[in-house]
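Here's a quick briefing to read alongside the model. Have the sequence and the 3D view open as you go.

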Amino acid sequence: MRTLQLLVGAGASAAAVALAAGPASAAGISVSTTGSTVSVVTSTCISQVSGSYGTTSLLTSSQTSFSQGRQVALSGTTVSQSAAWTSVTPGTYTVMVRCADGRSAGSQTIIVSASSAPTTSSTTAPARGVLGGIGGGIKDYGTVTLAAGGALTGLGVVAAAWFLRRRRRPYRL
């Protein structure tokens, strides 16, 4: 009982510390990539200075400071600000956001992968659809295979009916 009280007390203390710290993603940035476009969204830079919410910078792995990267101004509202870079080559990048008042909103590393361009095919679609499914949805079976499967199914139905019919009869000694 004493051990249980200690565990409950320790759990309550850990919960209090977690609540006091707050959620980890409440302030900061969210970075995403679609093909060769990298975008960043933040809600940290709520005040404008000279009509700007701030600046973002996209740094390659060899760049170390904010000023070395590709810089884009944040646009948006006091609720949410965003920026995007297009034609980004595949590689690992760090996105840094600096608010107009000089505060850092955060940084995040992202990997841009090579986007595959849609390819066109000169073949026509199959007449019976995509033939997807579990089991024999991919292969076209012959008459013998279908007849054997039908016979096994029929035999199973007859065996089940015979078994159930036998169980209905009263037990005789």
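What follows covers the strands, the core and one serine.

This is a predicted model, in which local features need pLDDT of at least 70 and side-chain atom pairs count only at pLDDT 80 or more, while totals for chains, interfaces and linings use all residues. Residues are numbered from 1 along each chain as its sequence is written, and side-chain values use heavy atoms, with hydrogens and water left out.

- Strands here are DSSP runs of E with at least two residues, numbered from the N terminus, and two of them pair if DSSP finds at least two bridges between them.
- Buried means under 20% relative accessible area, with a 1.4 Å probe and protein chains only.
- S1 (residues 29-34) runs antiparallel to S2, and 6 bridges join the two; Ser-32 has Ser-39 in S2 as its bridge partner.
- The S1-S2 hairpin has 2 residues between the strands, and Gly-35 takes a positive phi near 65° there.
- S2 also pairs with S6 (residues 81-85), again antiparallel, over 5 bridges, with Val-41 opposite Ser-82 in S6.

**The nonpolar core**

- A nonpolar core is a set of buried Ala, Val, Leu, Ile, Met, Phe, Trp, Tyr and Cys residues joined through side-chain atoms within 4.5 Å.
- The largest one has 18 residues, and Val-38, Val-40 and Val-95 touch the most other members.
- S1, S2, S6, S7 (91-99) and S8 (104-112) are the elements that give it two or more residues, and S7 has the largest share, with 4 residues.
- Setting aside neighbours within four places in sequence, Val-40 is in contact (heavy atoms within 4.5 Å) with residues including Ile-29, Val-31, Trp-85, Val-95 and Val-97.

**The four-stranded sheet**

- 4 strands make an open antiparallel sheet in the order S4-S3-S7-S8.
- S4 (70-73) and S8 are the edge strands, each pairing on one side only.
- S7 and S8 run antiparallel and are joined by 8 bridges, with Met-96 opposite Ser-107 in S8.

**Ser-57**

- Ser-57 is in S3 (residues 54-60), and it counts as buried because its relative accessibility is 0%.
- The Ser-57 side chain reaches the backbone oxygen of Phe-66 at 2.8 Å.
- Beyond neighbours within four places in sequence, Ser-57 is in contact with residues including Phe-66, Arg-70, Trp-85, Val-95 and Met-96.

Methods: Buried means under 20% relative accessible area, exposed over 50%, partly exposed in between (1.4 Å probe, protein chains only). A polar contact is a pair of N or O atoms within 3.5 Å; within protein, one must be able to donate a hydrogen and the other to accept it, and residues adjacent in sequence count only if both atoms are side-chain atoms.
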